[in-house]
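Colleague: I want to learn how to read charged pairs and nonpolar surfaces in a model. Where do we start?

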Amino acid sequence: MRRFFLLFFILSIGTFSSNAQKVGLVLSGGGAKGLAHIAVIKALEENGIPIDYIAGTSMGAIVGGLYAAGYSTDEMEQLFKSDQFKFWSTGRIQEEYRYYFLKLEEDPSWLELNLLKKEDKLKIMPPTNIIPEEQIDFAFMEMFSAVTAVSKGDFNNLFVPYFCIATDVYNNREVVLRQGDLGEAIRGSMTFPLYFKPIEIDGSLVFDGGIVNNFPVQNMKELFNPDIIIGHNVSNRARKPDPDDVMAQIENMILQKTDYVIDPKDGILMETKFNNVSLLDFKKIDQIINAGYETANREMEVIKQRISRRVRPSDIQQKRLQFNMRKPQLIFRNIQIEGVEEATQRKYIIQSLKHQSPVISLEELKKQYFKLVSDQHIKSLRPVSRFNPESGYFDLHLLVKTNNPMQVKFGGNISSRPVNQGFLSGDYRLFKERSYTLSTNMYFGRFYSSVKAGARVDFPTEVPFYIASYFTLNRWDYFSSTTEFVFEDVRPPYITQNETNFRSEIGIPIKTRGKLTLGGAWSNSRDMYYLTESIKAADTPDRTTFGALSGTINIRTNSFNDKQYPTEGLASSLSLNYISGNEKNTPGTTSNSLSKRKFSHDYYLLQGSYDRYIKINKVFTLGLMAEGVYSNKKPFSNYVSTVLSAPSFNPVPHSKTIYLNKFHANKYVASGIKTIFKISDQFHFRAEAYGFVPVREIVETDNFMAVYNEDYYSSINFMGSGAFVLQSALGPISFSVNYYEKSQTKFFAMFNIGYILFNRKGY
């Protein structure tokens with residue numbers, strides 16, 4: 001009997017020892033290659049291998065943190081395949097959160113530089129990161145705030161105990177993050193220099209943990225002391241970089257050499273190698289996950305021999321379900337603004353977020369947050385939420401950095417055709433209870449030149465509104481933009497347009513993507529042109545001036561992802577204008593008239609447009625657009641002046657740079673279709689076709705006068721374009737072939753870097 005009890009005791013001890021066997025999983029950094037960690041976790045769970053502790057660096061910190069936060073491997077895989085991940089990994093903002101109301105008028109800028117006055121000197125502050133951080137910061141708060149509340153800031157209380165590694169920038173040493181805000185810890189660990197902006201944790205500025213420790217096996221031993229460690233490494237040891245590969249050079253300089261080894265007595269090392277996956281190659285997720293799954297299954301027999309304890313997948317899922325049920329709902333009550341000294345500025349930001357509401361839901365906060373992101377006065381926002389057990393709500397701590405008051409922007413357009421232009425602008429910004437923006441810009445080029453100065457004041461009331469006024473000088477020289485005409489002797493300009501305007505408007509938002517504006521303007525246009533194409537050096541042009549006052553009401557929406565060659569979003573407008581002015585015509589040598597003439601014009605102009613991109617699948621997008629104009633405007637003194645003063649249809653960038661008399665009318669309807677084939681996230685091919693139908697065509701008589709065709713809808717003119725477009729950091733780089741139905745040259749090829757955009761006219 002004693003022998004029986006002794007045998008039972010020995011077996012019980014053995015069984016207890018087996019059940020007590022603890023396993024730690026360590027995941028390396030490696031950018032997109034780290035997605036293979038998901039497959040390793042999946043394979044371990046499917047085979048009943050326990051994961052009692054988990055740790056990682058950089059991408060390993062993200063995957064490990066998601067697992068510790070209660071995400072299943074299927075949920076992780078779907079997350080990284082989703083549009084949501086694409087947005088927060090690139091910094092682009094979803095269409096539904098692109099807040100149009102706060103956007104200033106579009107310009108062709110490539111680069112923005114802030115100026116800081118320090119010790120009576122102006123210091124240029126270049127951009128510190130490639131990818132805007134507001135998207136990822138909000139996403140991490142959204143995903144991990146409730147988890148932090150459940151763990152009470154102790155990562156040992158997560159679904160699986162967890163830590164990650166970051167780098168203290170100042171002291172150049174590793175920081176082990178195992179308590180505090182889980183989202184901030186993961187954000188700190190994966191912040192690769194130049195890609196993302198560093199954050200402060202406990203007073204230290206931290207970067208990617210891979211700089212000092214990309215595979216924290218030793219930390220796992222010291223902190224959790226598991227019986228066995230499973231390590232998965234996806235980071236290739238740094239190789240000699242190519243002279244043209246800047247990011248590989250930075251990686252070699254920044255990342256210290258890490259030994260990806262595990263002592264056999266401590267555990268098992270798995271490695272998944274990739275030869276054709278770059279740091280941000282997330283689109284290859286299926287290939288990466290399959291490779292990680294193959295690695296884990298290849299090593300599974302060895303793992304099972306070393307680890308005798310098993311956990312049923314159903315038990316893991318039940319534990320995960322119970323953990324996730326404890327997460328409180330994200331509803332916010334108190335908002336604290338940090339990083340802003342003046343009380344008036346804090347009031348401005350809080351009013352912009354809450355609008356007097358006692359609590360705010362996550363979805364409503366997200367809308368208001370991205371409205372603030374679009375505010376030119378705010379440089380950065382980082383939301384941190386903390387659960388308040390007394391109120392049952394979350395408190396939002398918004399870490400705000402205001403923009404430096406002075407900003408300069410550079411840009412323009414480089415083209416194979418003579419429409420090159422430079423662009424320079426300067427803004428001075430100030431905000432207290434209201435925000436103020438003083439701005440000026442200058443375009444300089446042969447085809448187009450301009451100067452603009454003005455101001456805008458924003459009021460963050462319950463219904464926000466702004467007041468803006470601008471003074472602008474514009475000049476277009478259409479002969480400089482084309483070489484299609486043949487002139488005798490010296491070639492004078494064929495058409496030049498000079499315009500001066502002063503305009504003011506008041507605007508209010510319409511939901512997220514729209515705004516309503518009421519405005520008025522004074523403008524004075526001065527056109528110089530010839531009435532025939534056979535011109536001698538001694539000829540002088542006709543001159544027509546038109547000074548006018550106008551009033552406008554306009555409803556406009558815009559959620560395009562790019563300001564030129566967009567591939568998603570919606571833009572529409574509906575405006576009613578009333579114009580009253582005086583025309584003066586001074587005839588030139590090509591005119592039949594010998595005396596100056598004056599005419600008064602009072603008319604209204606109704607204009608509407610609709611432009612929508614519809615995503616059919618991952619590769620193909622369809623664009624549909626329509627535009628219409630209706631006016632009771634009378635003809636001007638001659639045919640050319642009538643056409644020049646009439647609204648024009650310019651749906652493709654190149655069409656804005658040449659004179660197309662057949663696409664001007666005071667009454668017209670037009671429509672078009674666009675097919676877009678996505679080659680990569682930044683590169684696409686687009687083919688566009690448009691039809692333009694004047695309601696009553698402007699017709700030239702024998703004496704160069706203009707009349708309206710008696711027949712309605714008597715003609716239709718076509719326009720088309722095909723273009724390869726790369727959306728780069730400098731704006732779109734494009735090669736296009738454009739077709740216009742016109743009397744002379746019909747096809748135009750153009751290579752272009754930058755934007756073809758102009759300052760606005762008065763009406």
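Modeller: Start with the salt bridge: a side-chain nitrogen of Lys or Arg within 4 Å of a carboxyl oxygen of Asp or Glu. Side chains of opposite charge can pair when their charged atoms come close. Here, aspartate 681 pairs with lysine 678, with the closest N and O atoms 3.1 Å apart. A caution: this is a predicted model, where local features need pLDDT of at least 70, side-chain atom pairs need 80 or more, and totals for chains, interfaces and linings use all residues. Residues are numbered from 1 along each chain as its sequence is written, and side-chain values use heavy atoms, without hydrogens or water.

Colleague: How many salt bridges does the structure hold?

Modeller: It holds 30. One of them joins aspartate 562 to arginine 92, closest N and O atoms 3.4 Å apart. Aspartate 562 sits in the loop between strand 22 and strand 23, and arginine 92 in the loop between helix 5 and strand 3, so the pair ties together parts 470 residues apart in sequence. Helices (H or I, at least four residues) and strands (E, at least two) are DSSP runs, numbered from the N terminus.

Colleague: Is aspartate 562 buried or exposed?

Modeller: Buried means under 20% relative accessible area, exposed over 50%, partly exposed in between (1.4 Å probe, protein chains only). Aspartate 562, at 15%, is buried. Arginine 92, at 36%, is partly exposed.

Colleague: Which residues touch the most other members of the largest nonpolar core?

Modeller: A nonpolar core is a set of buried Ala, Val, Leu, Ile, Met, Phe, Trp, Tyr and Cys residues joined through side-chain atoms within 4.5 Å. Among its 74 residues, Ile54 and Tyr162 touch the most other members.
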